[in-house]
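Here's a protein model to explore, with a short briefing to go alongside it. Keep the structure open while you read, and look up each residue as it comes along.

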Amino acid sequence: ARGGRLERSWREEARAYLVLDSPEGPLFARYSTAPEDRAAIRHEAEVRALVGECGPLRSPKVHAQGEGWLLERRIVFREEPVELVVAAAAELASRSIPPLPRSGEGGSRLDRLARRLRLLSRPALAREVVRARRLLAASTLPEVTVHGDFHPRNVLLADGAAWVVDWELTGRGPAGLDLMRYWATLSSTSERDRLYEATAELVGDERALAELRYALSVVTAADKLSHPRRLNRDPD
């Protein structure tokens with residue numbers, strides 16, 4: 001209906017993703033045949049509408065949706081300063097974003113079991129994960145709204161702002177949590193330094209932030225090694 005031309009597509013188990021071009025601009029489509037994904041897709045559209053396309057925190061517009069699918073504006077990201085990520089996280093911290101209702105289906109328990117089995121083969125890392133989770137639970141930083149999965153593929157920098165997608169893990173957490181998760185995924189030393197300095201100024205407690213950075217680095221490393229979905233695992 002929109003004259004979209006498929007550029008590429010890929011699958012991840014029950015999910016499929018499509019990159020398209022169209023007369024009205026770049027498009028991105030996603031759909032899933034897994035029943036448990038339907039609530040997540042509805043939630044994604046609701047949060048996108050709430051966040052909007054203005055200000056330091058933005059989310060791409062959903063053009064159309066149905067049961068298990070979305071057609072959305074595709075953000076073509078560019079080289080932008082990492083400080084835009086800090087501005088977006090600061091704005092998000094002050095917002096009220098509804099979390100995705102959890103159904104507790106069996107698949108999530110199987111995922112947790114798969115993660116634990118993979119970590120058991122790395123006992124030193126498994127011990128550090130336990131320590132990291134204790135630090136996260138005991139953080140003295142104020143609790144704010146967090147995205148829960150902040151990294152460069154979910155925080156697209158373009159047009160002088162951060163466009164945030166994939167809101168299914170949004171909830172509450174210590175201030176700086178999103179930014180230290182983002183920090184742990186950056187490859188540029190200079191960008192990591194600038195991000196950390198800006199976050200320390202934002203939260204105002206560098207010792208607590210250093211503990212948070214350590215905890216998120218360990219959790220991120222463990223996730224890359226033990227994620228149940230092969231596409232999300234990265235042993236390097």
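Predicted model: local features only at pLDDT ≥ 70, side-chain atom pairs only at ≥ 80, totals over all residues.

- Let's start with strand 1 (residues 5-12) and strand 2 (residues 15-21), which run antiparallel and are joined by seven bridges.
- If you want one spot to look at in this pair, find Trp 10, which sits opposite Tyr 17 of strand 2.
- These two strands make a hairpin with two residues between them.
- Strand 2 also runs antiparallel to strand 3, with six bridges joining the two.
- Here you can find Ala 16 standing opposite Tyr 31 of strand 3.
- Strands 2 and 3 form a hairpin too, with five residues between the strands, and Gly 25 has a positive phi near 120 degrees there.
- Strand 3 is antiparallel to strand 6 as well, through five bridges.
- In that pairing, Arg 30 has Leu 70 of strand 6 as its bridge partner.
- How enclosed is strand 3 by the rest of the structure? Largely so, because five of its six residues are buried.

- Ser 32 belongs to strand 3 (residues 27-32).
- Is Ser 32 buried or exposed? Its relative accessibility is 10%, and buried means under 20%, so Ser 32 counts as buried.
- The side chain of Ser 32 has a polar contact of 2.6 Å with the side chain of Asp 37.
- Beyond the residues up to four places away in sequence, Ser 32 touches Ala 14, Arg 15, Asp 37, Ile 41 and Gly 68.
- Glu 72 is part of strand 6 (residues 69-73).
- Which side chain does Glu 72 join in a polar contact of 3.3 Å? That would be the side chain of Arg 30.
- Setting aside neighbours within four places in sequence, Glu 72 has contacts that include Pro 26, Leu 27, Phe 28, Arg 48 and Lys 61.

- Another sheet is open and has three strands in the order 4-9-8, with mixed pairing.
- Strand 4 (57-58) and strand 8 (155-158) are at the edges with a single partner strand each, so one side of each has no neighbour in the sheet.
- Strand 8 pairs with strand 9 (residues 161-164) in the antiparallel sense, over four bridges.
- Look for Leu 157 here, whose bridge partner in strand 9 is Ala 162.

- As a bit of background, most residues other than glycine have a negative phi.
- Glu 13 is not a glycine, yet its phi is positive, near 55 degrees.
- You'll find Glu 13 in the loop between strand 1 and strand 2.
- Glu 13 is exposed, since its relative accessible area is 57% and the cut-off for exposed is over 50%.
- Asp 159 isn't a glycine either, and has a positive phi of about 55 degrees.
- Asp 159 is in the loop between strand 8 and strand 9.
- At a relative accessible area of 44%, Asp 159 is partly exposed.

**Val 82, a buried loop residue**

- Val 82 is in the loop between strand 6 and helix 2 (83-93).
- A relative accessibility of 2% makes Val 82 count as buried.
- Leaving out neighbours within four places in sequence, Val 82 is in contact with Tyr 182, Leu 186, Glu 191, Arg 194 and Leu 195.
- Val 82 and Arg 192 are 110 residues apart in sequence, but their C-alpha atoms are 8.7 Å apart in space.

**The second largest pocket**

- The second largest pocket holds about 170 Å³ of space.
- Which classes of residue line this pocket? The lining has four nonpolar, three polar and three charged residues.
- Among the lining residues are Ala 184, Thr 185, Ser 217, Ala 221, Lys 224 and Asp 234.
- Ala 221 lies in helix 7 (residues 206-226), and counts as partly exposed at 35% relative accessibility.
- Ala 221 and Ala 184 are 37 residues apart along the chain, with 8.4 Å between their C-alpha atoms.

Definitions and conventions. Residues numbered from 1 in each chain as written. Heavy atoms only, no water. Polar contact = N/O pair within 3.5 Å; in protein donor to acceptor, adjacent residues only side chain to side chain. Contact = heavy atoms within 4.5 Å. 1 Å grid on protein atoms, 1.4 Å probe; cavity = no way out; pocket = protein on both sides within 12 Å on 5 of 7 lines; lining within 4 Å. Points joined across faces, edges and corners; volume = space filled by probe spheres on them. Nonpolar A, V, L, I, M, F, W, Y, C, P; charged D, E, K, R; others polar. Pairing = 2+ DSSP bridges. Buried < 20%, exposed > 50% of the residue type's maximum accessible area, 1.4 Å probe, protein only.
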